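This report goes through a single structure, from one of its sheets to its core, salt bridges and cavities. The sequence and model come first.

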Amino acid sequence: MKHVFIIVVAFCYSYVLIAQNDSITNLDEVTLIEEFIAKKAIGITESSSIDTDNLEQFSPIDFAGGINQISGVYLLSGALNTNRITIRGVGSRSRFETDEVRMYFNGIPVTDGTGISTIEAYDFENMGRIEVVKGPKATSLGTNLGGALLLNTRPPVVGETFLQNNFTIGSYNLIKNNLAFRHSEKNFNININYNYLETNGFRQNNHFERDGFLLTSSLRINTKNKIDFLINHIDYTAGIPSAIDEIDFREDPRRAASIWLAAKGFETNNYSLTGVSYQHQFNQHLKTTNSIFYSYIDRFEPSPFEILGEFTHGYGFRSVTKGRLFKGDFTFGGELYRDNYYWKTFENLFRENEGKGYLRGAQELDNKEIRSQLNIFATYGFSISKRLLAQIGINLNNTKYHFFDQFNTGNANTSAERNFNPIVLPNLNLQYTINNGRFFANIGRGFSNPGIRETLNSDRVLNPNINQEKGISYEVGSSFSLFKNTFNLNTSVYRMNINDLLVSERLDEVRFIGRNAGSTRHQGFEFDANYLWKISDKWSVSPRISYTFNDHVFVDFIDGDNNFSGNELTGVPKHLVYSGLTLKQTKAFTFNLTHQFVDEISLTDANTEFSEAFNVFNMQLRYRAMLFNKLRFELNVGSNNIFDTTYAQSVLINQRSFTSAPPRFFNPGNGRNYFAGLRLNYML
């Protein structure tokens, strides 16, 4: 496997060097889509992004492939409903969801009160741009240790009205349809999307069915006032094959975990988000944007070990004011989020139900949590010299948890509250520009809250001693655009020290507890390069590569009688490579070939078990043309994992077995699979 990795890196690097001497042309600049969303919201803070063209190189259900193009970022996908993102190793100890990364959808915060973000709540066919801030360097975006993830829908084009339908079929009985209506004029635009997805999945007990609805709209009242509206709803039912042990993984990766198959385990999830933003321009140099939002999540999961029912009401307010002061740019504002989380558990008597699936038994728990977070932030950017820019920022966070036991009474009642001390999080960003690029440096303090499982002890009582993770990040890097903007090169070197490391310990098949167990050091190197070679007036070739080197270790980690200090951080590959090649004919053919290399991953804190390194190749062909004056169509066909590699697309760490069976570490990725789609666009 590693030989293939070396060959691919050498090929891509050589190709870039050779192509520099050939004919070149200007590369279209990627533009930001909304004033209140992208880089203007974070000043000179460095970030990485992908746009619609990057996402459309993959199957419309493979958003992991799209996000994994960004160096320093790794999305592990156990299934369409089980995804977690790690950024520079942060979040690798989360088990089933994205943690320690703050997520925004069209400028609205969608991370819950304990720091969990649900990326599967959005259809990536509706995305126009995804931006990633790596590390705690964007004061206005929460300063989480992992950073921030900004999801932005496709931008409106003034004067355009159309009806579009994209229909896709594929392996594993895949059917996906996305229907969109868009209308945009000078002072008003509206976008309505309906999407449907169904697939049997690669594995046993892997059926997935989802409906989704998205509405975005903007109304400009006059030159100074604008209102934006957002409604996003998604509901799905997903079978859960769960992780499998190494024997099953090697013999037949399509297997589900036997106990989940016997119980016919699944989950249903209904998620709704609504938001309204009001923007007022006081004058040329001062404006404010204020948003209110509400989210509702209703989830039901009959696992083999219990039946879990939960729902969450979340609501909040975000305000950002930007302007100029003393020849510098300032931003200040605040973000208040509060959610009420209710959860009940029951016995699952599926063994007594004659193979029909779950059967509800006696109630075991009835709990409620109220979680609130307040972020107050301010930044000031100014010029030190003609080429040197600086931005200082500060964020104040205050987090509170209130836990209510609604099941037990008297001395058995476990109600409690946990109010974390306010934490001050400063940062500094510097940027030095030259003719063809810039150098940058930043230093920032960040934090992460414990998740819901980590807040409870072994008796499911709120733990009064658990603390937030805290760390300081240092980064230097560069960004260059050379040869008339045809060759783009970005590099970054960073180091982050994290204290009060949060560790989840599994007590049994259901219960986890959290505790602070030491410190880690995250350091690494990131490299991104792409080149546009104009072969002729109509044809072009674009090679690209991103490389991530992770050197993450436990600095001080003692777990009972075990001393893991100096060991590799669990759940993080040391090397990640993403490379691709696009051959394009203007307005007609596009061929994409992509490759991903993932190094072995430590599965235990003792570094005694590792997943295998793997290479996966995907390809896709697109053809666009006009049928009539107003009707445009696009055909696409593709294949994922074209060499049918058996690999783990997601792994679980520190798994314990409570029977004689081996521990279950692996969630296999799909085997070789195919898809084909037809997109029709009718201009009205």
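## Sheet, core, salt bridges and cavities

Strands β5 and β6 run antiparallel and are joined by two bridges. Strands here are DSSP runs of E with at least two residues, and helices are runs of H or I with at least four, numbered from the N terminus. The model is predicted, so local features need pLDDT of at least 70 and side-chain atom pairs count only at pLDDT 80 or more, while totals for chains, interfaces and linings use all residues. Residues are numbered from 1 along each chain as its sequence is written, and side-chain values use heavy atoms, with hydrogens and water left out.

**The sheet around β5.** With β9, β5 runs parallel, and four bridges join the two. Across this pairing Arg 102 stands opposite Ala 148, and Met 103 has Leu 149 as its bridge partner. Arg 102 and Tyr 104 point one way from β5, Met 103 and Phe 105 point the other way, and all are buried; buried means under 20% relative accessible area, exposed over 50%, and partly exposed in between (1.4 Å probe, protein chains only).

These strands belong to an open sheet of five with the order β1-β8-β9-β5-β6 and mixed pairing. The edges are β1 (48–51) and β6 (108–109), each with a single partner strand, so one side of each has no neighbour in the sheet. Two strands pair if DSSP finds at least two bridges between them.

**Nonpolar cores.** A nonpolar core is a set of buried Ala, Val, Leu, Ile, Met, Phe, Trp, Tyr and Cys residues joined through side-chain atoms within 4.5 Å. The largest has 31 residues, of which Phe 105, Ile 119, Tyr 122, Ile 130 and Leu 149 touch the most other members. Elements giving two or more residues to this core include α3 (63–67), β2 (73–79), β5 (102–105), β9 (147–153) and β15 (266–283). Apart from it lies another core of 18 residues, among them Tyr 74, Val 598, Phe 614 and Ala 648.

Ile 119 touches Phe 63, Ile 67, Leu 75, Asn 83, Ile 85, Met 103, Phe 124 and Leu 149, with residues up to four places away in sequence not counted. Contact means heavy atoms within 4.5 Å.

**Ile 434.** This residue is in strand β22 (residues 423–434). Ile 434 counts as partly exposed because its relative accessibility is 31%. Leaving aside neighbours within four places in sequence, Ile 434 is in contact with Arg 387, Phe 439 and Phe 480. Ile 434 and Leu 388 are 46 residues apart in sequence, with 9.5 Å between their C-alpha atoms.

**Salt bridges.** The count comes to 31 salt bridges, each a side-chain nitrogen of Lys or Arg within 4 Å of a carboxyl oxygen of Asp or Glu.

| Asp 329 | Arg 324 | 2.8 Å |

Glu 634 lies in strand β35 (residues 631–640) and Arg 622 in strand β34 (residues 614–626), so the pair ties together parts that are 12 residues apart in sequence. Both Glu 634 and Arg 622 are buried. Salt bridges that share partners join Glu 56, Arg 154, Arg 622, Arg 624, Glu 634 and Arg 679 into one network.

Asp 329 is partly exposed, with a relative accessible area of 42%, and Arg 324 is partly exposed at 41%. Asp 500 counts as partly exposed at 29% relative accessibility, as does Lys 470 at 22%.

**Cavities.** A search of the whole structure finds 14 cavities of 30 Å³ or more. A cavity is a set of points, on a 1 Å grid over the protein atoms alone, where a 1.4 Å probe fits but cannot get out; lining residues have an atom within 4 Å of a point. Grid points are joined across faces, edges and corners, and a volume is the space filled by probe spheres set on the points.

The second largest cavity holds about 670 Å³ of space. It is lined by 44 residues, of which Ile 61, Asp 62, Leu 80, Gln 649 and Asn 670 are the closest to its centre. Strand β2 gives the most to this lining, with five residues.

Notes. 1 Å grid on protein atoms, 1.4 Å probe; cavity = no way out; pocket = protein on both sides within 12 Å on 5 of 7 lines; lining within 4 Å.
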